[in-house]
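Please keep the structure open while reading.

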Amino acid sequence: MKESREERLGWALAFPALGIVALIAVFPMLWTLWESLHLDDLRMPWLGRPFVGWGNYVEVTSDARFWNALGRTTLFAVVTVALELGAGLVLALLLDRIVRARGIVRTIVILPWAIPTVVAALVWRFIFESPGGLATAALAEVGVAAPTWFADELAAWVPLVLADVWKTTPFVALLLLAGLQNIDRSLYEAADVDGAGPWQQFINITLPLLKPAVLVAALFRALDAFRVFDVVFVMTGGGPGTATETVAMYTFSTLLQHLRFGYGSALSVIAFVLAFALALFGLRVFGAGALRSRDA
Amino acid sequence: MTSALRSLVALGALIQVLGCSAGPAVLTFSGSSVGREGDVITRQLERFARVHPEITVELRPTPDAADQRHQLFVQWLNARAPDPDVLQLDVVWTPEFAAARWIADLNRFHPPTDSFFATAIAANRWSGALYSLPWFIDVGMLYRRTDLVPRAPEDLQTLVRLAKDAQREHGVPFGFVWQGARYEGLVTVFLEHLGAFGGAILDDAGRVVVDSAAAERALGFMRDTIYADAIVPPAVLTWQEEQTRLAFESGQAVFMRNWPYAYTLLDDTSQSRVTGRFAVTSMPPAQGGKATAALGGSALAINAFSEQPDAAYALIDYLLRPEQMLERARIAGQYPTRPALYESAALADALTIPVDQALEVIQRATPRPITPVYSQLSDILQISIHRVLTRQQEPGPALREAAAAMRALLARAGLAARTS
């Protein structure tokens, strides 16, 4: 009896918070879902706002611009996350070894992550501007003719990937550094006694024990990279043509530039479902990984 | 009725009375309000208020970027907001707002349409009715360095040759610069090349004809000036107006396509290195077409939900008077929409550009497609043109793809049947 009263009190106290969560998270999501079942084109108000059921979703299936954006976004996520994990691991190992001026070095390393993405992207855009950008000039110095970066469908990815990797590698390094410092030092001492070299120690001790941290970092980064918007918006605007348009960019332009609220909502819902599935998948892998490392 | 309820009703009535006696309703105007344009409009609104003491006018500032202003107007009008009463519209928005029934039909005010340039008036009509009046016009112009190229090229092929010669003989880095970034400006540049080769985006009946052989030649020509003739630097594919202006101003380009605003700046010795060494003409024609200048500019319209359309029209009528246009030309450098003014000495005094040069280009003015879905059509075109110019696609397939997407859009908008 007493417990249920306490329980009721608990719910009552939590109610305002739950209400706010419902208002700012659940309600907009449900509204977007409802909106995605309508034809609602602010630029064609003469069509009204009829209910079209799954019509918008059916249109997505044959929308080449969306599928291309999805393919590009996936590739971008795979490439940047792989580069960030590699560079982040190297950085974390170095930071772990550094003894002198540790605080200052770590602060410097984390700096790129602290700069707002839009600002960082603008700086990178200036570097790759043609003609007269720093990158173009530097390449000319060593005798290489640089492409017109943002007017080339492949070359345009170089500044994008570089900016993203530069910006978020410190974040990955920080997560991995925490993982490294959780590893029991006595394991390395025992390995030294057994005569294992540094490479063997890295392969057999560091990597397996770092796996949970790597998985967490990969999951966070993959989710972020999949929703990438600001870097692309600032640097290429999705161009040349639509060569660097990501899912988030396409959704943005459909919703906020073309004001196609119904179709744009359908795109948002799809992007949300995909990101959610990725998170669930990551959590399962991550959960299993954590379990195995506990067994070890 | 309880006494509490009774006093509530009384209070309501009182508020209503107070509301009514608060003086004349406020007429709101919304448009460009920064810099020199802001100076002009503030002055003119004050003068209008002095002539019409019964009307209080208020300026409602909006973002200066066209896209952002458009978005704001769409949100306001979609919510049926009764103000702003008078709207400054970009020339390509009128059909969209008219089809949405967001702006009022002006025919009942019997505006003197004959006093304005016919092309400018045409861009303000939708399905037979007039929805806005042209306030000032912008036209795409060909700037050239008169010290390098004394005579204007008679066609595009000559332009290519002259640009190459000047590049080679005088070491000028760029032969020709224009706005090639993926945005609205690219469509206006394309329109001028398209007209030069005798093509069009939509035909007179509103059907999509941008996949014609002429259009293919025009787009192929644009691409070749970049990669084959090498007179246009690939960097223009990321440039808007200002980057091209800076290149021309610093003496790095032989020819430039730009709007009239650049003239005043190029004429300013404190920042320009080409003062006194440049002139403007219209973009030259090529085989099969005619010299074409993209038409830009602004129009004035009345919010369809306005509670005081008569006062709103009085303001429009005032802002469009010759003396107001002359003041606007003098301070903001914007061209009047009344052809009669181009014969007056007052306009020659007001503009830095020689009036005959301006008029020559204005007479070539060609509006962009007059359709309520123009912005969406433009977006489709921007992508396809940019793909061709960055060598991702050939002109033929790109234009056929764009045309198919445009036809699908017109069908979805319910405009394909109406216009056939």
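In chain B, four strands form an open sheet in the order S8-S9-S7-S10, with mixed pairing; strands are DSSP runs (E, at least two residues) and helices are likewise DSSP runs (H or I, at least four), numbered from the N terminus, and two strands pair if DSSP finds at least two bridges between them. The edges of this sheet are strand S8 (174-177) and strand S10 (278-281) of chain B, each of which pairs on one side only. This is a predicted model, in which local features need pLDDT of at least 70 and side-chain atom pairs count only at pLDDT 80 or more, while totals for chains, interfaces and linings use all residues. Residues are numbered from 1 along each chain as its sequence is written, and chains are lettered from A and ligands numbered from 1 in the order in which they are written.

**The open sheet**
- Strand S7 (residues 141-145) of chain B pairs with S10(B) in the antiparallel sense over four bridges, and B:Arg145 stands opposite B:Phe278 in S10(B).

**The enclosed strand S11**
- Ten of the ten residues of strand S11 (residues 293-302) of chain B are buried, so this strand is largely enclosed by the rest of the structure; buried means that 20 or more other C-beta atoms, placed from the backbone, lie within 10 Å of the residue's own.
- Both faces of S11(B) are covered, with buried residues including B:Leu295 on one side and B:Leu300 on the other.
- Strand S3 (residues 86-90) of chain B runs antiparallel to S11(B) and is joined to it by five bridges, with B:Leu89 opposite B:Ala299.
- Strand S6 (residues 133-139) of chain B also pairs with S11(B) in the antiparallel sense, over six bridges, and here B:Phe136 stands opposite B:Ser298.
- Strand S12 (residues 365-366) of chain B, by contrast, pairs with S11(B) in the parallel sense over two bridges, where B:Ala293 stands opposite B:Ala365.

- Chain B contains 17 helices and twelve strands, and 50% of its 420 residues count as buried.
- The C-alpha trace of chain B spans about 95 × 50 × 35 Å along its principal axes.

Terms used: A residue is buried if 20 or more other C-beta atoms lie within 10 Å of its own, exposed if 12 or fewer, and partly exposed in between; C-beta atoms are placed from the backbone.
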